[in-house]
Protein chains: 2
Amino acid sequence: MNEESERSQNHTARMARKKAVVDAAIARASEQRGVFLVLTGNGKGKSSSAFGMVARALGHGMTVSVFQFIKGKGDTGEQTFFQRQANLQWEQCGEGFTWETQSRERDIAAAQAGWDKARAALSDPAIHLVILDEMTYLFKYGYLSLEEVLSVIASRPAHQHVVVTGRAAPDALCAAADTVSEIADVKHAFRAGIMAQPGIDL
Amino acid sequence: MNEESERSQNHTARMARKKAVVDAAIARASEQRGVFLVLTGNGKGKSSSAFGMVARALGHGMTVSVFQFIKGKGDTGEQTFFQRQANLQWEQCGEGFTWETQSRERDIAAAQAGWDKARAALSDPAIHLVILDEMTYLFKYGYLSLEEVLSVIASRPAHQHVVVTGRAAPDALCAAADTVSEIADVKHAFRAGIMAQPGIDL
């Protein structure tokens, strides 16, 4: 038997064993219900991952509500793109990063107004996916009650998925979530002097 | 001065200092060019983050090419959704995870055919964003030459962005990238017995 054909047979045997393991894991995971995801950490990819799930959900004919709590400039690529899609509600709840407004009162009012709308979505069984983008900052600055948010998320419709993004997610938020990804900033183009790029960062 | 008004003034002063730091960092980051991003790690959010950037780019009127090297089932939400968008090329290059096909020859042929198409996109200045989804597995299994891929990425049009996703990105790939995010799997619903969910995982 030549070397390449031996390598090929070994590959087939190894992959057959791997398939058995993967198939068994898939068989064990049999529950169908809405999941609660937290995407946190300092690296690039938290909000963009949430927007990728929006695209996935729309592809399945699902209905989606997006609440952006911090970025408020209003001319991002994601907003322009998704606002022209069907089955989607897009709410800009903040007036910009909190160091831009510099007003605690205005930030709190914007956070509360956004949360009132998000709470309505989180009790609406017609909505299949709710994105709470950059919500973690509201807990950090004390603009919203974490207990209240957790309670509303816990009592949402059983099939509804929820995604919370933002740095430094509180422990209680991660404890309540089904899936938590921590995105580490190994390297970022911004620190090498490259501006935030349309299509990548905004 | 009452407590809330003092807290508010402190907030304003702290945010003004933060704004100065952020603005200075933004001023230093003045270069405009295509960036090369790697999204790796075992956590949920690598491919979905890439698809979020696709949405962002389309929102800015950019042209996008997506190459999916591993997932080959063809009925994912992202594929259904993005295939009906303008300015987008979507190529399914794999026939499924490599433990599904169990044929090294077929996997290599599919990888090479996909790479031939991706290489064309990586030399086309009309394409603004190229996604090489789950490409890292091809290096792991020896299906593609990392040196060749790095050389083609390095000589792409200057304004073109490239995103590579997949677990266990090789060190040389990360070294060549401008931005690297490592997504840690802190917790995953799948391990708690919840099936892969449409709109979230596929």
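**Salt bridges and the interface**

Between chain B and chain A there are two salt bridges, a salt bridge being a side-chain nitrogen of Lys or Arg within 4 Å of a carboxyl oxygen of Asp or Glu. This is a predicted model, in which local features need pLDDT of at least 70 and side-chain atom pairs count only at pLDDT 80 or more, while totals for chains, interfaces and linings use all residues. Residues are numbered from 1 along each chain as its sequence is written, chains are lettered from A and ligands numbered from 1 in the order in which they are written, and side-chain values use heavy atoms, with hydrogens and water left out.

**Contacts between the chains**

- A salt bridge joins the side chains of A:Arg56 and B:Glu78, at 2.8 Å from N to O.
- The rule finds 41 residue pairs in polar contact across the interface of chain B and chain A, both residues being at pLDDT 80 or more. A polar contact is a pair of N or O atoms within 3.5 Å; within protein, one must be able to donate a hydrogen and the other to accept it, and residues adjacent in sequence count only if both atoms are side-chain atoms.
- Helices (H or I, at least four residues) and strands (E, at least two) are DSSP runs, numbered from the N terminus.

**Extent of the interface**

**Strand pairing across the chains**

- Strand β6 of chain A (residues 179–187) runs antiparallel to β6(B), and seven bridges join them. Two strands pair if DSSP finds at least two bridges between them.
- A:Val180 has B:Lys187 as its bridge partner in β6(B).

**Chain A**

- Chain A contains eight helices and six strands.
- Its C-alpha atoms fill a box of roughly 75 × 45 × 35 Å along the principal axes.
- Domain 1 of chain A covers 1–30 and domain 2 covers 34–186, with bounds from an automatic or database domain assignment.
- The centres of these domains, taken over C-alpha atoms, are 39 Å apart.
- Within chain A, the side chains of A:Arg119 and A:Asp116 form a salt bridge of 2.8 Å, N to O. Both residues belong to helix α5 (residues 104–121) of chain A, three residues apart, about one turn of the helix.
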